[in-house]
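Here is a friendly walk through a few spots in this protein. Have the model open beside you as you read.

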Amino acid sequence: MEASGKFICRQRQVVLFFVLLGLSQAGIEPRRYSVVEETEGSSFVTNLAKDLGLGQRELSKRGARVISKGNKQHLQLKVQTGDLVINEKLDREELCGPADPCLLHFQLLMEKPLEIFQAELRVKDINDNSPVFTEREMILRIPENSPLGIAFPLSNALDLDVGSNNVQNYKISPNSHFRVLTRKLSDGRIYPELVLEEELDREEEPEIVLTLTALDGGSPPRYGTAQVRIEVVDSNDNAPEFEQPIYKVQIPENSHVGSLVVTVSARDLDSGVHGKIAYTLFQPSEDISKTLEVNPVTGEIQMRKQVDFETVQSYEVDIKATDGGGLSGKCTLLLQVVDVNDNPPEVTMSALTSPILENSPEIVVAVFSVSDPDSGDNGKTVSSIQDDLPFLLKPSVKNFYTLVTKRALDREERAQYNITITVTDLGTPRLKTQHNITVTVSDVNDNAPAFSQTTYTLRVRENNSPALHIGSVSATDRDSGANAQVTYSLLPPADPQLPLASLVSINADNGQLFALRSLDYEALQAFEVGVRAADRGSPALSSQARVRVLVLDDNDNAPFVLYPPQNGSAPCTELVPRAAEAGYLVTKVVAVDGDSGQNAWLSYQLLKATEPGLFGVWAHNGEVRTARLLSERDAVKHRLVVLVKDNGEPPRSASVTLHVLLVDGFSQPYLPLPEVAAAEARADPLTVYLVVALASVSSLFLFSVLVFVAVRLCRRSRAASAGRCSGPEGHFPGHLVDVSGAGTLSQSYQYDVCLRGGSGTSEFKFLKPIIPNLQFQSTGKEVEENPPFQNNFGI
């Protein structure tokens with residue numbers, strides 16, 4: 001019979017209970033299905049596509065999947081066909097234990113668009129377990145004078161099946177004294193009672209052995225047996241009686257081990273051994289035996305382990321009081337477990353999208369569910385995230401939430417978000433659970449490269465080597481990846497005549513600038529070039545900057561002597577009267593330098609002289625003066641070599657040769673000082689008048705002689721060569737020396753003849769330059785020239 005029943009159960013097909021309670025929305029009432037336990041894996045349950053009114057391939061397109069609490073995959077969805085099948089063989093007793101009905105809750109999640117359907121699968125019981133007695137042999141001691149109709153409780157049998165498949169009836173083997181009654185408790189358990197129908201006689205039959213059989217309600221029924229041994233004892237005509245037939249107690253689930261639950265008390269009217277009572281748990285289940293213990297003497301019932309409201313909400317057990325004569329009585333303990341907020345909420349993440357694209361509004365980032373096994377307010381939850389984040393929690397169907405963005409995100413503002421989902425229950429004290437997720441933001445090319453400067457100034461020294469690195473430009477892009485990879489290029493010049501392509505180039509990868517050829521400061525002192533920085537995004541973004549390149553001067557030009565001219569075939573001779581005093585201005589060497597700055601600062605020195613110590617050169621202005629008084633022993637002709645040197649590093653120089661001729665008879669050897677003449681004039685007015693008249697006549701005579709000599713010398717010089725003795729007319733070519741140290745002369749010298757006067761008190765000035773005030777200009781400054789000569793003639 002038992003083998004036949006198993007065979008029939010294996011052949012049963014899956015029974016489908018499909019209840020559609022919502023017409024327009026899913027999730028209002030869960031859809032219900034059922035399956036018989038022990039059904040083989042991959043067995044068909046239902047077709048969800050037909051149940052939901054969807055096309056055969058719509059589940060696959062919408063990303064449908066089945067999720068269940070604790071991620072236990074008892075069911076499997078075939079998205080291609082829409083069939084819901086059992087993933088593995090289900091054992092109802094393992095899944096639900098004594099709970100009936102056995103319901104497995106699951107959800108159907110479709111992501112595109114988001115939609116969730118609640119459903120439950122009922123696992124129906126089959127009669128696959130036989131009743132089993134916890135005591136294979138029960139011993140009863142029954143007094144011989146026990147009244148007829150007295151009932152003796154027996155141990156019940158346990159059956160793991162539920163409903164009609166559980167124990168339904170008890171039978172006793174045939175005998176003349178007892179029959180068995182089947183009693184049903186409020187918790188649904190069934191236990192047997194042995195009822196005395198005929199008086200016992202210990203002398204006639206001291207021991208009776210019976211067989212107790214427990215039958216379940218299966219088809220065919222299963223059974224289990226135990227032996228009942230009855231010992232007939234001497235007369236004990238009073239059984240213990242409890243003060244209360246039912247004890248109702250409530251205990252918090254967090255009560256510690258050893259806590260007192262209740263104290264039961266019974267009394268017996270007998271005396272002696274027959275009135276001594278012992279307390280025991282009567283027919284406790286395995287769970288109750290592990291949970292409660294009773295003191296056999298005092299009747300105190302204590303906790304052996306902590307109870308859990310989420311596992312068992314109440315306990316019911318009988319307490320048996322047995323006297324020394326074997327008579328017993330019983331009471332019932334109803335233990336109600338009070339829920340305590342001892343379970344934090346649980347967060348189950350169903351879907352998470354990361355990374356998400358920036359600049360996209362209202363994206364569903366995550367879908368999760370919240371559960372709390374506590375009851376009442378202890379099981380109610382509130383979910384939240386940080387306030388400073390651009391995300392929003394939205395409740396969905398029962399206990400489901402979606403995390404969406406409030407606005408479009410900017411990766412450059414923040415590339416990653418650490419989101420803490422906090423779920424708090426409403427119990428006392430409140431418990432919370434935090435679940436951390438990380439959401440990254442992917443980049444969009446929405447930022448152009450930015451230069452570190454709008455204008456760059458680079459300096460390069462002239463005469464550089466080709467391909468010289470002269471500087472760099474740098475641009476950064478706030479984007480990432482290819483959107484942040486910057487390439488550099490030169491812009492076309494604003495002036496098409498400027499050959500920038502032959503002057504400078506740029507490295508497209510790092511922005512380094514190179515001079516393509518050697519630069520000349522005297523030809524090009526500065527130029528500008530435009531630089532473009534573009535990223536590699538799609539579409540590409542770019543920005544521009546200006547680069548100004550300054551060419552720095554190098555000391556590559558030697559000084560050039562303007563006066564005396566060096567290209568004439570006949571040298572120019574300077575005439576010096578023998579009556580000249582020390583410091584007499586013989587001539588002035590004028591030179592220029594094509595460089596600038598300190599490379600153009602010129603200094604003069606006397607390199608060679610026919611007679612050393614007779615002449616000297618002023619280092620800063622090139623004036624050649626007598627160093628002492630002339631004498632008759634001095635040679636008539638003198639040859640001076642003057643060295644002109646700039647202040648560059650290394651310095652450059654040029655030399656010029658001067659020819660000086662000492663002459664007699666056309667200059668007054670002695671001219672009194674102005675102070676002496678003024679004193680004499682104050683002393684004698686007549687003398688002053690005579691001196692003035694004599695000086696005027698002498699001046700006219702000397703001027704005529706000098707004009708004659710100059711005309712003769714110039715004619716002879718033009719006849720001999722193309723050179724001239726006098727300085728060049730007009731402006732000198734090139735730049736002039738800047739004796740102030742900051743540039744070159746802004747005006748050129750112009751002389752009538754080669755001779756010019758000095759600035760001594762006693763000197764005779766017989767020639768003057770056409771431009772009396774010489775101004776030297778390079779940086780806008782004027783250099784003070786020698787004070788004007790004072791010519792005083794005295795007799």
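## A residue in strand β40

A515 sits in strand β40, which covers residues 512–515; helices (H or I, at least four residues) and strands (E, at least two) are DSSP runs, numbered from the N terminus. Residues are numbered from 1 along each chain as its sequence is written. The model is predicted, so local features need pLDDT of at least 70 and side-chain atom pairs count only at pLDDT 80 or more, while totals for chains, interfaces and linings use all residues, and side-chain values use heavy atoms, leaving out hydrogens and water.

With a relative accessible area of 1%, A515 is buried (buried is under 20%, exposed over 50%, partly exposed in between, with a 1.4 Å probe and protein chains only). Beyond its neighbours within four places in sequence, A515 is in contact with N464, S465, P466, A467, L468, I470 and L503 (contact: heavy atoms within 4.5 Å). A515 and S502 lie 13 residues apart in sequence and 8.5 Å apart in space, C-alpha to C-alpha.

## Two faces of strand β35

Which residues make up the covered face of strand β35? They are Y456, L458 and V460, whereas T455, T457, R459 and R461 form the uncovered face. In a regular strand, side chains alternate between the two faces of the sheet.

Strand β35 (residues 455–461) runs parallel to strand β42 (residues 542–552), and seven bridges join the two; strands pair if DSSP finds at least two bridges between them. Y456 has V547 as its bridge partner in β42.

## A spot on helix α8

V707 belongs to helix α8, residues 685–720. V707 counts as partly exposed, at 38% relative accessibility.
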